[in-house]
Amino acid sequence: MNNTIATLPSDTALILEGGGSRGVFTAGILDYFMEKNVYFPYVVGVSAGACNALDYCSKQIGRSRDTFILRDKSLKSISFGNLIKLGYFYDMDKPFYEFPYKYFPFDFETFKSSGIICEMVATDIDTGKSVYLTENKDNDRILNICRASSTLPLLAPIVHLDGRRYMDGGLSDSIPYGRSIMQGYKKHVVILTREMGYRKKLKSKSNEILRQVYKNEPTLVRTCLKRPKVYNRQLDILERLEREGRVFVIRPTEKPVGRIENNLDRLDSFYQHGYNTAVRIFDDMMEYLTKRP
């Protein structure tokens, strides 16, 4: 492993899309970056991308891989049993309490001392707007912010934090390159978990379920229903910025795994695809990041 830390310019940013199990692709990329000791001064992640961001900032090679590819079935967070026991499919205490404190210890001290600004995107369900949260002292709050960023409607309960109510950041800002631009960063590396040309369908079978389950949360429902249009517009703009050389986009070139993927071989393969992709694009990315007018 190269022990020399590559010092990136202070105006460089790393943007991490979510996507559930597809985050294992991002895990492969970031593991290679960490092996090369390349750390961005600013990282913003959404949902699974927020989980990736934490492990990158704590400099824990392999942790995201191990939490996305669970070899022990008893550690899985999603099950029909949870629906009966908890009222939701997703037991959020596992990834955001048991994993970091017991099964896959999270290095809080390295995270806090890294010097990296790490923001995680959540959606305020009362306003429908994105919020960009960060924490560098309180261990539980670090995890709860990530939990809020990762809490999908229908699968898990609303997260209460700082007197506000939050759900998945991807509902309002799935690819927060706009955030890094507004923060003044000039060079943006965006890791997507979908292939080139992907667009969301404008209508979903779950829309009616959303309306029924969240009939008392009209702002949340509206935010969910307009998400495909917002997401597709984000991709349109991102691809234009990419053509203009204003952002550097990394995306899979193989078929992605599903949002909730249980096949270990597929997950292993998609992780390796991320790692191999990082190897392939690394020199081009570094040239983009260090080249100045």
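Me: What percentage of the 293 residues in the protein is buried?

Reply: This is a predicted model, in which local features need pLDDT of at least 70 and side-chain atom pairs count only at pLDDT 80 or more, while totals for chains, interfaces and linings use all residues. Residues are numbered from 1 along each chain as its sequence is written, and side-chain values use heavy atoms, with hydrogens and water left out. Taking buried as under 20% relative accessible area, exposed as over 50% and partly exposed as in between (1.4 Å probe, protein chains only), the buried share of the 293 residues is 55%.

Me: Is Phe80 buried or exposed?

Reply: Phe80 lies in helix H4, residues 80–86, where helices are DSSP runs of H or I with at least four residues, numbered from the N terminus. Because its relative accessibility is 63%, Phe80 counts as exposed.

Me: How far apart are the C-alpha atoms of Phe80 and Val38?

Reply: Along the chain, Phe80 and Val38 are 42 residues apart.

Me: What radius of gyration does the protein have?

Reply: The C-alpha trace spans about 55 × 40 × 40 Å along its principal axes. The radius of gyration is taken over C-alpha atoms, and the globule rule is 2.2 Å times the number of residues to the power 0.38. For 293 residues a compact globule would come near 19 Å, and the protein agrees with this, having 18 Å.

Note on methods
Helices (H or I, at least four residues) and strands (E, at least two) are DSSP runs, numbered from the N terminus.
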